[in-house]
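Here are a few notes to read alongside the model.

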Amino acid sequence: MKITGRNSAFLRDKTRYEEWRKTKLSACPQNVEEIIVPIDGLLSVSEAGKAAIKTACKRANMAIYQCRDPAVSRAAVAAFAREFGLTRIDHHLCANADGVAELSVASEGVRTGYVPYSSRSLSWHTDGYYNDTDRQINAVVLHCAQAAASGGENALLDPDMAYIRLRDENPQFIAAFEHPDCMTIPANMGAEGEIRPASSGPVFSYGARGEIHMRYSARKKNIQWRDDALTKAARDYLTAILDDQNAPVFRYRLRAGEGLISNNVLHNRTEFSDGQEQHRLLYRARFFDRIEI
């Protein structure tokens, strides 16, 4: 069931929200095993495999797939994404010319300035939270070509579940997170000037068909929050949700041949260590589309 309102209009419609909430909670997976789907390979997904991935995404906004055939390339990742209606790829600063980024420890070049291309941990966030609304990231495919020798586990949380917990605690938390100036990411400045302008927007917004979209980063630096008591209270409660050991968070360490396809869910990453012959490499493609379900 999709939400059919936008912004505060949906917030005011308690009956419609309660119906959506009941449907969402009744279908929510209870453990990560429920969203794991075996497939033959990135270029050979059966109709049954596609249907199982779409079902998991309908329930949790994400699926973890396991390829029996470990063969992978950037082109194969993009082709796999197209099977789910993901065609409008984000050609961001650190991506290759085809839009697919290679997440590995960078020793030189522009990628060295960004934490995803290091072995450090990543705090909770959704991808592309610094993009403006015209380039909103709605879906992500993350494919593991080679796992680290140790570490590199992801925690994953469906934004719909964060929304429900916030609204159950205080509906005004949602109103605060819908404000168009709720979260501002300052301009990204390089040696030769501005790389990306400042970007302001809400935490929660709604798609054309009513889907919830979440834009968030738990980082402490280079982020500006709207300075009012309600926004601070909402942020504090969201932090408590993300720290809650009983929250519906899935934890999973991708192995070679496995991947995550999602409607840009909340996630983090633990730090990792590469081995002498084992260097972590993940392919990531970010899309302006949502997964076709």
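1. The buried residues of helix H4 (residues 74-82) pack against several elements, with contact meaning heavy atoms within 4.5 Å. The partners are strands S1 (36-39), S2 (62-67), S5 (139-146), S16 (258-262) and S19 (281-287), together with helix H3 (47-60). Ala76, Val77, Ala78, Ala79, Phe80 and Ala81 are the buried residues of H4, where buried means under 20% relative accessible area with a 1.4 Å probe, protein chains only.

2. A word on the basis: this is a predicted model, in which local features need pLDDT of at least 70 and side-chain atom pairs count only at pLDDT 80 or more, while totals for chains, interfaces and linings use all residues. Residues are numbered from 1 along each chain as its sequence is written, and side-chain values use heavy atoms, leaving out hydrogens and water.

3. Next, look at helix H5 (residues 159-169) and helix H7 (residues 229-243), which pack at an angle of about 125° with their axes 10 Å apart. H5 contributes Ala162, Arg165, Leu166 and Glu169 to the contact, and H7 contributes Ala234, Tyr237, Leu238 and Ile241. By class, six of these residues are nonpolar, none polar and two charged.

4. Finally, there is an open sheet of three strands in the order S11-S8-S14, with antiparallel pairing. S11 (199-201) and S14 (224-225) are the edge strands, each pairing on one side only. Strand S8 (residues 183-185) pairs with S11 over three bridges; pairing requires at least two bridges found by DSSP. Ile185 has Ser199 of S11 as its bridge partner.

Key. Axes are lines fitted to C-alpha atoms, for helices over the stretch in contact, and angles run from 0 to 180 degrees between N-to-C directions. Helices (H or I, at least four residues) and strands (E, at least two) are DSSP runs, numbered from the N terminus. Ala, Val, Leu, Ile, Met, Phe, Trp, Tyr, Cys and Pro count as nonpolar, Asp, Glu, Lys and Arg as charged, and the others, Gly among them, as polar. Buried means under 20% relative accessible area, exposed over 50%, partly exposed in between (1.4 Å probe, protein chains only).
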